[in-house]
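Please look over the sequence and the model shown here before reading on. The paragraphs after them go through the structure step by step.

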Amino acid sequence: MPKHSSITSRLRIPAVSLAFLLSGYLLSCASQKAAGEPQPVNPNGDSELALLMRAMFDDALLMKQQIERGKAPRTGVDYDRILTAQATQPEKAASVDYKVHALSYLQTMKALQEADVAQASQLFGNMVNSCMGCHQALCPGPMVRIKKLY
Ligand code: HEC
């Protein structure tokens, strides 16, 4: 009996961590489902960064509508948290590549927040470019969805 349980507990650890890695990979950065389908829910709970990203996406859509109505776009998201939010794959968000892209995104957001109506559309495009830049480098799955912001 003790022998049996020690074998299963030895086997369980790699199986669980493999499942965790796979689901993290499949749900966050691999291809996403077609438009209109509900997003998959991560059985391990969505990471802070995944939730922030969804809020950033919705916020960008709202800003796009504001620009289309001739208003200066204003964000409702604490986007600075891109530097600290816990990611599904923490090693990704800890990379230098990630930091460089995150700082570039923050710069484009700052410019957009300070923009007047005449510049807003171009600066919004720069901001979406910075989303795409990071995703191209680190997390290509959501790119299809992000492109809809253009
Ligand atoms: C500095 C890199 C970086 C930038 C900039 C960035 N993202 Fe992300 N994004 C990520 C990473 C990494 C993930 C995976 C998050 C996780 O699973 O923890 C992600 C995940 C996502 C997801 C999937 C969230 C989910 O449901 O799992 C969407 C949608 C998304 N990003 C949209 C955007 C949009 C829109 C922007 C620009 C406003 C943006 N991203 C800017 C790195 C970035």
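What follows covers confidence, then the ligand and its surroundings, then a pair of helices.

The protein chain has an average pLDDT of 84, and 72% of the residues score at least 70. Over residues 21-26 the pLDDT is below 50, and this stretch has six contacts in the model beyond near neighbours in sequence. Residues 33-37 also stay under 50 in pLDDT. For residues 33-37 the model has two contacts beyond four places in sequence. Where pLDDT is low, the predicted coordinates should not be read in detail.

Turn next to the ligand. It is surrounded by 27 residues, of which Met53, Thr88, Cys131, Cys134 and His135 are the closest. Sorted by class, this shell holds 18 nonpolar, seven polar and two charged residues.

Two or more residues of the shell come from each of α1 (2-29), α2 (48-68), α4 (96-114), α5 (117-138) and α6 (143-146). The element that gives the most is α2, with six residues.

Two of these helices, α4 and α5, also meet each other. Their axes come within 9 Å and cross at roughly 170°. Angles over 145 degrees count as roughly antiparallel, so α4 is roughly antiparallel to α5. On the α4 side the contact includes Asp97, Tyr98, His101 and Ser104, and on the α5 side it includes Ala120, Leu123, Phe124 and Cys134. The residues of this contact divide into 12 nonpolar, six polar and one charged.

Methods: Residues are numbered from 1 along each chain as its sequence is written. This is a predicted model: local features need pLDDT of at least 70, side-chain atom pairs count only at pLDDT 80 or more; totals for chains, interfaces and linings use all residues. Side-chain values use heavy atoms; hydrogens and water are left out. pLDDT is the predictor's confidence in each residue, from 0 to 100. Contact means heavy atoms within 4.5 Å. A residue is near a molecule or strand if one of its heavy atoms lies within 4 Å of it. Helices (H or I, at least four residues) and strands (E, at least two) are DSSP runs, numbered from the N terminus. Ala, Val, Leu, Ile, Met, Phe, Trp, Tyr, Cys and Pro count as nonpolar, Asp, Glu, Lys and Arg as charged, and the others, Gly among them, as polar. Axes are lines fitted to C-alpha atoms, for helices over the stretch in contact, and angles run from 0 to 180 degrees between N-to-C directions. Angles under 35 degrees count as roughly parallel, over 145 as roughly antiparallel, 65 to 115 as roughly perpendicular and the rest as oblique.
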